[in-house]
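The sequence and structure come first.

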4 protein chains.
Amino acid sequence: MTDGIVLGANQYGKAENRVVRIVRDTPRHEIRDLNVSTSLRGDFSRAHTDGDQADVLPTDTQKNTAFAYAKEVGVSSPEEYAVALASHFLDAAPAATAAQVRVEEQAWDRIAVEGSPDGHDHSFVRRGTETRTCVVTVAGRGAEQRTWVLSGLQDLVVLKSTGSEFRGFLKDAYTTLEETDDRIMATSLTARWRWSGTEGVDLDAAYAEVRATLLSTFATTYSRALQETLYAMGRAVLETQPQVAEIRFSAPNKHHFLYDLGRFGVENNGEVFIAADRPYGLIEATVAREDAGDAGEAWTAVPGFV
Amino acid sequence: MTDGIVLGANQYGKAENRVVRIVRDTPRHEIRDLNVSTSLRGDFSRAHTDGDQADVLPTDTQKNTAFAYAKEVGVSSPEEYAVALASHFLDAAPAATAAQVRVEEQAWDRIAVEGSPDGHDHSFVRRGTETRTCVVTVAGRGAEQRTWVLSGLQDLVVLKSTGSEFRGFLKDAYTTLEETDDRIMATSLTARWRWSGTEGVDLDAAYAEVRATLLSTFATTYSRALQETLYAMGRAVLETQPQVAEIRFSAPNKHHFLYDLGRFGVENNGEVFIAADRPYGLIEATVAREDAGDAGEAWTAVPGFV
Amino acid sequence: MTDGIVLGANQYGKAENRVVRIVRDTPRHEIRDLNVSTSLRGDFSRAHTDGDQADVLPTDTQKNTAFAYAKEVGVSSPEEYAVALASHFLDAAPAATAAQVRVEEQAWDRIAVEGSPDGHDHSFVRRGTETRTCVVTVAGRGAEQRTWVLSGLQDLVVLKSTGSEFRGFLKDAYTTLEETDDRIMATSLTARWRWSGTEGVDLDAAYAEVRATLLSTFATTYSRALQETLYAMGRAVLETQPQVAEIRFSAPNKHHFLYDLGRFGVENNGEVFIAADRPYGLIEATVAREDAGDAGEAWTAVPGFV
Amino acid sequence: MTDGIVLGANQYGKAENRVVRIVRDTPRHEIRDLNVSTSLRGDFSRAHTDGDQADVLPTDTQKNTAFAYAKEVGVSSPEEYAVALASHFLDAAPAATAAQVRVEEQAWDRIAVEGSPDGHDHSFVRRGTETRTCVVTVAGRGAEQRTWVLSGLQDLVVLKSTGSEFRGFLKDAYTTLEETDDRIMATSLTARWRWSGTEGVDLDAAYAEVRATLLSTFATTYSRALQETLYAMGRAVLETQPQVAEIRFSAPNKHHFLYDLGRFGVENNGEVFIAADRPYGLIEATVAREDAGDAGEAWTAVPGFV
């Protein structure tokens, strides 16, 4: 092209492969329930400008591989599965310079049945709380190859019915909000944390630890703002997970407004609230180690602020 | 009107009031998180044909009442709250012949924190599994007043990774399905059960019992079809809850198809599945006592088959 | 069973078959984009109580048939396609006493291109407004066979920025709503109309006519309540469609609240509104001919009030 | 903090303010139906680390301002409204270094009524097709102030029933996809284009032009891959809009698979397809001028690849 119009950044892949892996080597089955999205980046200009697909590993092939690797490699953790898959795609597609694999995982619990204190062998009920996530990016080949791993969660819905205030804020001509020293604070948390390295880390155990840290910090921190609470949660994770370099949060402030019952002569001392849908506050923040190091391509094309 | 066009069945109300009730009589708070929909039926023809609102208790007033009753009456169970609310509306709106209140409840768990073996006093995490529901209909006044109570749940997602077959079915020229003696069976269950009476029933406890019965029956019943499993689940509920007259199910068959890995030389003995979105089988059934008695208006306008 | 617990009403089928039919007999293609759900009712007790599938035409077969019939029968209208499919299922499944087929149709427009005043031959853009629906129920065999046809639409979103009041309503202790003689009225309309017969009716043309009647009546009727508007819309349809026996509406009152700008010294004469999500009024009504005749199984298991 | 843990990038604001603006200066009303999200960035560390809100302009105030500006400034275009709002927030919040305002707009058409060839004065029906979007970022103060404007659309659903092939792609051991020289191609397009400057641009007219260019290019370009089609669409926009510096696309490949009717002896020459939900191909690409210039903060925190 000589008219000054060029192809810029691009990527392509297969999104939302619903891979369900059952481990049935013994009568006591295990289940991993994944939603896997893959993408390749690199020099795919011929496909764009000339319609020539010679460099393009089809998204259908990426899908096949995502399913095959659930058996060939297995899913010891979503992160390890994603690293294997992303690395493979760089081998399979010579024009690619980087591959990114995103995984969302739904948890299942064993159904409680009489006589089986640890739950049923092959019957499960969806846990239904937050979704576990990871984003793995692998770039380069051979000795130059670099791997970035983000772990995370989304839709962890938490609420505290007291222990939250909001006061002393900046006011202008459009400010009508009343200060409050007691309110409900609730959010549906999305968090992603970047590993400086995952060597020696049991990623399933680490996930449970980070989740527990986030929850207990939320519970026990008196909150003067959602910002303060997020920062405290981030600090707590970094203090307990030495291999986590940074953590990013996106937290909608799910407003619960005190319903005005005084109009009907009914007292309402923080007892009856209306949960609002929209609009909502949206608080996003990063907590990082000063020596976190360059994040490289870890966050490239990751949806949203986190 | 003399042209032979008339008003038929009608109802109106306020849908999806998001009522959150905190009980804070002690430092250990309780939370009930409700989505409340109200409706009135009766002779509201003047509002339709003449635009005369004199008989119409506004939906905004119904909203106010739903919030006020969360304090004035409280929410000892969704069902009892709904009965109080529906009865009140019949008093408040003389033109109404019946009132229906539907409630959906989201469950919250206390956040686990060190030093509090029973969880935090005022910090909660959304349980995230199924939604508990009820539909209460009250019709008539004074000695003629009748009350029907349906309890239920929706979005209880269960899966068994073996112990399910599907064979011996009717075949015609369009049948291509292979018989199978081992498959994944999964559903997102909706159930509603009708009480012949709720006197003496602890409705919160009964909910937990019915849920446990449904889950353990699903887990322990070898399935020759989703129909058979639903029927067994219904029987088990009726056998253990003498005051339940009937139970209705709506159960999408959430298909998990074995992914064909043989094309790549990879064995797949029931280990890797693709979870499909649409289409899905949809199985709906009622299990009832022969002497269940007339359901009256219990199911009027209840959404869907259940 | 002799313990007094029995199978009650039940049905099963394949929901949400996404059938896209392209007519390409000439270079100018036509498209029908359908979401088809099928269900069978009848004596399927053996499948429930004994796990015996001999009477069960699999939902997978129903799916295959839905796709095959899009070619074998074609889709001259969703209603005619549904009648053919439902009738076929009664032949294919001797245990069935009735079959119901529901169709949702998305409309597409031809893309405007230079030199083609009537739009492109084979490139389309989703119209994106309301979904057209039908529910067809066929019961019985031979001379006894009866067919009921409901046509409808859902998600037709309309708004009028004036010409709507709400006054003179019933008040009680919980009433705080102010009377208004000028407000926004908006709804996302669902309607279903039942045909007394469809002989000689061009169903595609009739759909367009009913839609136009609903819209123009909404536009030109001064509204003293959403109830009055719905009733007027229903009358208008019955007056112009002699073969429609009744029409049912479900209309959420999508509240638009005047935003209080006076607090900042800004006048707001019906100019700036906040569109609320929940709660919302929900108005449901039927308008019928007095001699509409028995609806039979037309409305059986149809989701919601309409 | 001296333990090496610090606050990183952060922002906060009010998301999804549903602002509906009616212009009623004459009996012929105009409507703009917006979903407005605001956010501020800068040095808000005290709120995070000390719970001190003195720098924090509450999200509630941002909400009030979004509604007030719909009247005080008006909405001549979403972009101009967003510029005014973002600039104001920098004045109102001294700690902010940048403000970003995102707007989504739903279009409404006037309802057709007899006797009004141009549609009704104050009754509207939701157009229902794509959502128009913009993202405006303003950074700095006084002479240093910079403004970036992205315009865009999302959920523009298009389909071509022929004129699309996919052949000659890279194959490996996991490739099973058949080459095809005739398929359905469909996508739900998201696009964002960055203005090098908006001086002299009629942004409402430009939106309509870009939309028309995208549609007609999609329609008339023979497609050897979705990549090629996107690139052609991007080129066409840049060729016709001299002030657009770059355009980014995210395009799910909404797969339509030919349904295998041969199993029932029915021919299917590209006539009956099943529309699949997941997984889907996801193609993302940028088309830019070589001299587009630095994008600065235009794309900071914009959700997704586009």
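## Contact between chain A and chain D

In this predicted model, chain A and chain D each bring 78 residues to their contact. The area buried between chain A and chain D is about 6600 Å², and carbon and sulfur atoms account for 56% of that area. On the chain A side, A:Ile5, A:Leu170 and A:Tyr174 lose the most area to chain D, together 12% of what that side buries.

Polar contact between chain A and chain D involves 40 residue pairs. The side of chain A that touches chain D draws at least two residues from each of these elements of chain A: strands E1 (5–15), E2 (17–23) and E13 (280–289), and helices H1 (45–49), H2 (59–72), H3 (78–92) and H5 (226–240). E1(A) gives the largest share, 11 residues. By class, this side of chain A has 35 nonpolar, 24 polar and 19 charged residues.

## Strand pairing across the interface

E1(A) runs antiparallel to strand E13 (residues 280–289) of chain D, and 9 bridges join the two strands. One of the bridge partners in E13(D) is D:Tyr280, which pairs with A:Ala15.

## Salt bridges between the chains

The interface of chain A and chain D holds 4 salt bridges. Among them is the one between A:Arg235 and D:Asp3, at 2.1 Å from N to O.

Another salt bridge is formed by the side chains of D:Arg278 and A:Glu16, at 3.0 Å from N to O. D:Arg278 lies in the loop between strand E12 (272–275) and E13 of chain D, and A:Glu16 in the loop between E1 and E2 of chain A, so this pair joins two chains. D:Arg278 is partly exposed, with a relative accessible area of 28%, and A:Glu16 is also partly exposed, at 21%.

## Salt bridges within chains

Over all chains, the structure holds 104 salt bridges. In chain B, the side chains of B:Glu130 and B:Arg211 meet at 2.7 Å, N to O. This pair links distant parts of the chain, 81 residues apart: B:Glu130 is in the loop between strand E6 (123–126) and strand E7 (131–139), and B:Arg211 is in helix H4 (residues 203–220). B:Glu130 counts as buried at 7% relative accessibility, whereas B:Arg211 is partly exposed at 21%.

In chain D, D:Arg224 and D:Glu228 form a salt bridge at 2.6 Å, N to O. D:Arg224 counts as partly exposed, with 32% relative accessibility, while D:Glu228 counts as buried, with 9%. In chain A, a network of salt bridges links A:Arg32, A:Glu79, A:Glu105, A:Arg132 and A:Asp204.

Definitions and conventions: Residues are numbered from 1 along each chain as its sequence is written. Chains are lettered from A and ligands numbered from 1 in the order in which they are written. This is a predicted model: local features need pLDDT of at least 70, side-chain atom pairs count only at pLDDT 80 or more; totals for chains, interfaces and linings use all residues. Side-chain values use heavy atoms; hydrogens and water are left out. Contact means heavy atoms within 4.5 Å. Buried area is the accessible area (1.4 Å probe) that two parts lose on being put together, summed over both. A polar contact is a pair of N or O atoms within 3.5 Å; within protein, one must be able to donate a hydrogen and the other to accept it, and residues adjacent in sequence count only if both atoms are side-chain atoms. Helices (H or I, at least four residues) and strands (E, at least two) are DSSP runs, numbered from the N terminus. Ala, Val, Leu, Ile, Met, Phe, Trp, Tyr, Cys and Pro count as nonpolar, Asp, Glu, Lys and Arg as charged, and the others, Gly among them, as polar. Two strands pair if DSSP finds at least two bridges between them. Buried means under 20% relative accessible area, exposed over 50%, partly exposed in between (1.4 Å probe, protein chains only).
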